[in-house]
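Please open the structure in your viewer and keep the selection panel at hand. The tour below goes from one selection to the next.

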Amino acid sequence: MTKELKILLAAPRGFCAGVDRAIEIVKKTLGKFGPPVYVRHEIVHNTQVVENLKKLGAIFVEELEEVRDRTRPVIFSAHGVPKSVPKEASNMKMFYIDATCPLVTKVHREAERHNKNGNKIILIGHKNHPEVIGTMGQIPKENIVLIETIEDAKNLKLEGSIAYVTQTTLSVDDTKDIIEVLEKKFPGIKAPIKEDICYATTNRQNAVKKIASQCDMFLVIGSDNSSNSKRLVEVAKKAGCDKSYLINFKNELPIKEIVECNKIGLTSGASAPEKLVQSFISEIKKHTKISIEENTNSKESVTFKLPSSLTN
Ligand code: SF4
């Protein structure tokens, strides 16, 4: 009898409401204003999404000064931007549309509120990630400090009234451990009113946690600059599947190893399209007999409105 590889598909996986909205904003802007439109930073961290939008007429830049034709619209990515960016765009008389995910904006407003109330703010996040740069740029830099690890939390020296906020795409478990240290060290520290790690990050991690221990290998489809995808690999490893990998392109699939497995887990980060998942499954199918079992851990129904400049 031919050996059959079982693929356990985690659900929910792939696009979240913030990514859906950001991509739709670029497409709608192209439809309304015609190409080209500029996008500051990768709209979402996925190579294929970015390449497809380039074909439709989007031009990606890292800074506004790279925009050659300032009469064209410019879109800010889903990760959010420091306050200086829309200010700079206005100074340059550019028309801009903000595709920041509303759940990132929520963290921005929270940081602002804490700052207004005289709190020093601790941001838990990953240095140099655009979301972290955006959140830090909401308030004067002397009032916000970034920490990444438990060690950072232990070594932190702060006085007075303190609050914390977090990046939206962190590991739920690692962040809990860091917060425990902060709460012990700074009794009375103010927490977010509603969890900053977003629903999509939490749901995707929980779905992986549920099945990873049964798998010989776990594949996370996503780009290597995608924070939430990288966290899914860590979660799968922690949950018991040592051979957990982040895969961006079909040619990165470890086919030889895959065909030796009895069961593999498969998921995708919040910025990876479902089309990619299906194309990876088709590729595996070329090399071995497969059966697929989808394991739905929770259902999602979140949607976000588009900016009024695109709907009016
Ligand atoms: S991962 Fe969460 S915060 Fe990031 S775009 Fe998606 S819903 Fe928004």
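Predicted model: local features only at pLDDT ≥ 70, side-chain atom pairs only at ≥ 80, totals over all residues.

Residues are numbered from 1 along each chain as its sequence is written, and side-chain values use heavy atoms, with hydrogens and water left out.

Select the ligand, and then the residues that surround it, which are C16, G18, C101, L103, V104, T168, T169, C198 and Y199 (each has a heavy atom within 4 Å of the ligand). This shell has 6 nonpolar, 3 polar and no charged residues, where Ala, Val, Leu, Ile, Met, Phe, Trp, Tyr, Cys and Pro count as nonpolar, Asp, Glu, Lys and Arg as charged, and the others, Gly among them, as polar.

Next, select A17, which is found in helix α1 (residues 17–33); helices are DSSP runs of H or I with at least four residues, numbered from the N terminus. Is A17 buried or exposed? A17 is buried, with a relative accessible area of 6%, because buried means under 20% and exposed over 50% (1.4 Å probe, protein chains only). Leaving aside neighbours within four places in sequence, A17 is in contact (heavy atoms within 4.5 Å) with Y199, V302, T303 and F304.

Technical notes
Helix = DSSP H or I, 4+ residues; strand = E, 2+ residues; numbered from the N terminus.
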